[in-house]
Amino acid sequence: MLLRKNILGLVATTTLVAAMATGALAQERVPAINIDTTTEAYDPIRYEAAYIIAEKWRELGLEVNVRPTEFSTLLGKFYDQQDFDAAIVGWSGRIDRLDPHFYLGTLDSRATSLGANNPGGYSNPKVDELFDAQAREFDTEARRDLVHELQETYVPDAPVIVLFYRDEVVAYNNTAFGEMNAMAGEGLYSEWTPMQAQPLTDRKTLRIGGPQEPDNLNPLASTSVWGWKWMRLYYDRLVRLTPDVEPMNWMAASVEAVDETTIDVTLREGLTFHDGEPVTAEDVAFTFGYYQAQDYAYFDAYLAPVDTVEATGDLTVRFNLKTPSASFANIALSQIPILPKHIWEAIENPGDLTPEQIPTVGSGPFKYASYNRGEIMSLEKNADHFQADDIAVDGVEFVIYADMEGVFTALQTQAIDMTAWRMEAGQIPLAESADHLSVVSVPDFGYYHMTYNTRRAPFDDVAVRRALTKAMDRERMVNVLLDGRGEVGTSVIAPVNAFWHNPFVETFDFDMEAAKAELEEAGYSWDSEGRLVK
Amino acid sequence: MSRRSYLIRRALQAFVSLFIIATLLFFLFRAGLPDPTTALLAEGLSPEQREMVRRSFGLDQPLWQQYLLFLQNAVQGDFGFSFHYRAPVADIIWERLGNTMVLMLTAITIAYVIGVPLGAWLSWRRGTRADTTGIFVGLMFRSAPMFWTGMIGILVFGVMLGFLPTSGMRTLPYTATGFFDKIFTLDFLWHLALPAMIVALYYLGSPLLIMRNTMLEVYGEDFIEMARAKGLPERRILYNHAARNALLPVVTQLAVTIGLAAGGQVVVEVVFSWPGLGREILNAVRTSDFPLAQASFLVMAAFVITLNLLVDILYSTLDPRVSFK
């Protein structure tokens with residue numbers, strides 16, 4: 001009897017030991033990770049950044065492959081197919097993105113479908129709730145609190161890591177023009193520079209040089225920021241954002257919120273289009289109605305809150321919104337150009353206009369003069385504009401180059417007065433040593449980010465995301481890849497956007513020991529070959 | 001076979017080739033390039049908004065329908081609307097092709113006008129220091145990457161000496177609009193000088209070396225011996241007898257060069273910001289601008305095919321022994 005009991009005990013113990021052994025065997029290696037990034041030729045910075053990250057992740061016992069991919073293909077894989085483990089992409093800092101709505105929207109769990117702006121699939125109900133709340137909140141202070149709380153909420157989850165905010169380094173010819181003020185995110189090529197520049201020589205035409213050409217100058221077809229950066233100089237807006245990014249009444253004499261969904265705008269008196277016709281409330285109402293009717297995708301997001309726009313008098317317009325929108329005045333009113341009704345109402349399919357057929361009549365501070373594709377675009381000053389007395393240049397020319405090398409040579413030989421786009425790293429010291437050039441550096445609020453695919457192992461585990469983020473030497477990226485011209489990333493709302501940026505979010509400083517501790521705490525360990533297992 | 005029926009047959013062949021190329025291009029670009037609205041992702045457009053853009057490009061239609069429409073329009077010389085520029089593709093291509101051809105033909109003419117006689121002369125002085133130097137210089141510019149020679153050119157003539165413009169086709173501000181208004185000005189020639197020189201130096205090697213080497217072969221032929229025996233002056237043997245016979249491979253090479261010139265020299269067009277077709281093709285592929293990309297390549301193919309046809313015809317004039325078979 002006793003013997004039998006002992007045997008049973010022995011069997012039980014053996015089974016237990018075996019079970020424990022199997023348990024240990026069941027610890028599996030964390031799957032290999034692919035980091036998708038740009039090719040070296042397209043962007044050496046993002047390419048090198050991927051290798052800096054991979055090196056440290058390998059030290060944590062992960063198998064990491066860096067996959068440089070042609071840019072359009074990379075975007076397609078990232079957004080349209082969501083076929084990635086971790087990818088380095090970026091958002092450019094367009095002025096209308098200074099309102100926090102756009103960047104925060106990339107964390108919205110309802111934007112996780114194929115092609116939408118949250119390809120990593122990050123989902124946090126609290127974040128969604130705060131996102132909706134800030135969109136409805138009209139009181140700016142209260143909205144800021146919500147935006148700050150949202151940043152505090154999402155950052156510890158580490159779904160999207162802002163690698164760094166890069167400084168935009170541009171230059172201008174200080175013997176030709178003065179009063180050249182750079183603006184965050186826009187550099188020197190802001191809408192204000194041509195209005196503020198002071199000619200120092202007999203030549204009063206400001207010459208801008210850049211490697212980017214607009215896709216087209218059709219205000220109902222252009223889908224590039226380079227088209228609008230130019231068109232905004234001759235199509236005027238109701239509101240313009242000041243260099244400090246405050247909405248400033250421009251064509252509008254006043255903007256008043258009657259209630260949460262009704263906004264009344266009164267126009268300045270005496271505004272005229274370039275063809276001499278007066279600008280009236282009818283033109284404003286027509287423009288918004290026309291954009292709504294035309295399926296012009298580029299302005300869709302701005303127009304989304306708009307229900308109807310009606311002229312309530314010669315100079316007064318009422319905007320009826322579908323839902324309260326905190327950012328409407330900042331974004332829509334400052335981005336939608338006012339078109340002349342008497343010209344556009346006859347055009348049924350504006351998207352089919354050939355370049356010669358596009359009406360170029362606006363009411364802005366400059367008038368359209370000419371466009372030779374691939375060579376040059378030019379504008380002349382509008383002497384009838386309400387700001388005309390303060391504008392010292394008599395025209396603006398944009399010279400189109402094939403690459404930044406061409407732009408820089410033109411700056412050196414004084415063929416142009418300023419660069420529209422950031423200089424390459426090697427050009428900055430050359431520009432600094434040239435007497436006739438002044439170098440200006442402004443922080444960008446756009447950013448390069450590494451997005452983890454939170455649907456896939458191991459990034460479905462928040463501990464892994466946090467640990468791997470701590471294992472990113474972003475300080476080194478800024479010092480080596482940006483030559484110190486930039487700042488390590490924290491939140492999707494950049495520090496230069498001081499009002500909305502939350503300076504107290506978790507920073508994930510580079511610390512390999514902390515990264516290992518975080519992994520151990522979450523139940524990860526390392527096998528005999530040093531590979532990470534769980 | 002008569003000359004006429006030969007020409008008709010060759011023309012038909014050319015037409016069939018173009019049709020096949022057009023078809024291949026149509027499907028290759030659609031299969032191989034990313035969706036043309038991918039670039040809009042960077043602008044933050046939502047999937048619905050991008051679908052809107054895709055619809056406006058006609059990309060929501062079934063592929064075979066798009067293909068039939070493309071063929072139907074192409075036969076009528078209508079290559080559609082560029083996605084990117086929202087302008088008729090034909091206008092863009094003619095304008096850019098004009099800019100490219102002015103640059104390329106100038107450079108090729110310089111290269112051949114200098115290269116052919118120089119090559120003949122080198123063969124006559126074979127083995128001397130002049131010959132060695134000539135070959136070395138020709139090979140050097142042929143092998144040096146053009147972006148490099150271009151940049152050196154810009155540095156020396158544009159930045160250091162400052163007497164040649166470094167980019168573009170004319171000085172600001174300008175008013176000329178028509179193509180011929182544009183190119184028949186001193187200012188244009190001044191802008192053309194540096195890029196044309198760089199391309200010419202690159203092309204110089206081919207006619208130079210081919211001419212020299214073919215000449216050396218021809219010298220061994222009996223008829224040269226015969227000419228010498230007749231006591232003709234060396235100069236006359238060189239240019240009237242040997243050179244004419246050595247010209248055939250040079251002509252072939254010239255035709256191929258011109259045929260490929262339509263595509264431009266992307267590198268030179270980029271270095272000098274020359275608004276030519278090569279740069280445009282690169283942009284079209286980069287932005288997945290299907291109508292512009294397929295039409296550009298079709299134009300290039302048409303050039304090559306036509307030039308080949310011309311060479312075959314020219315051959316019979318240069319060398320009556322070549323017959324139509």
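User: In which strand of chain A does A:Leu241 lie?
Analyst: This is a predicted model, in which local features need pLDDT of at least 70, side-chain atom pairs count only at pLDDT 80 or more, and totals for chains, interfaces and linings use all residues. Residues are numbered from 1 along each chain as its sequence is written, while chains are lettered from A and ligands numbered from 1 in the order in which they are written. Helices (H or I, at least four residues) and strands (E, at least two) are DSSP runs, numbered from the N terminus. On that basis, A:Leu241 belongs to residues 239–241 of chain A, strand S8.

User: Why is A:Leu241 classed as buried?
Analyst: A residue is buried if 20 or more other C-beta atoms lie within 10 Å of its own, exposed if 12 or fewer, and partly exposed in between, with C-beta atoms placed from the backbone. A:Leu241 is buried because the number of other C-beta atoms within 10 Å is 25.

User: Which residues does A:Leu241 touch, not counting residues up to four places away in sequence?
Analyst: Two residues are in contact if their C-beta atoms, placed from the backbone, lie within 7 Å. With residues up to four places away in sequence left out, the partners of A:Leu241 are A:Ile95, A:Glu246, A:Pro247 and A:Ser334.

User: What percentage of the residues in chain A is buried?
Analyst: Chain A has 17 helices and 22 strands. Of its 534 residues, the buried share is 48%.

User: Which element gives the most residues to the side of chain A that touches chain B?
Analyst: The contact takes 40 residues from chain A and 38 residues from chain B. Elements of chain A that give two or more residues are helix H3 (71–80), strand S15 (376–381), strand S16 (395–400) and helix H13 (404–412). With six residues, the element that gives the most is H3(A).

User: How far apart are the C-alpha centres of domain 1 of chain B and domain 2 of chain B?
Analyst: The assignment, automatic or from a database, gives chain B domain 1 (3–88) and domain 2 (91–318). Their C-alpha centres are separated by 31 Å.

User: What is the distance between the end C-alpha atoms of residues 292–315 of chain B?
Analyst: An unreviewed UniProt entry lists residues 292–315 of chain B among its "transmembrane region" spans; positions follow the numbering used here, feature names are shortened, and annotations may be inferred rather than shown by experiment. The span is 100% helix and 0% strand, and its end C-alpha atoms lie apart by 35 Å.
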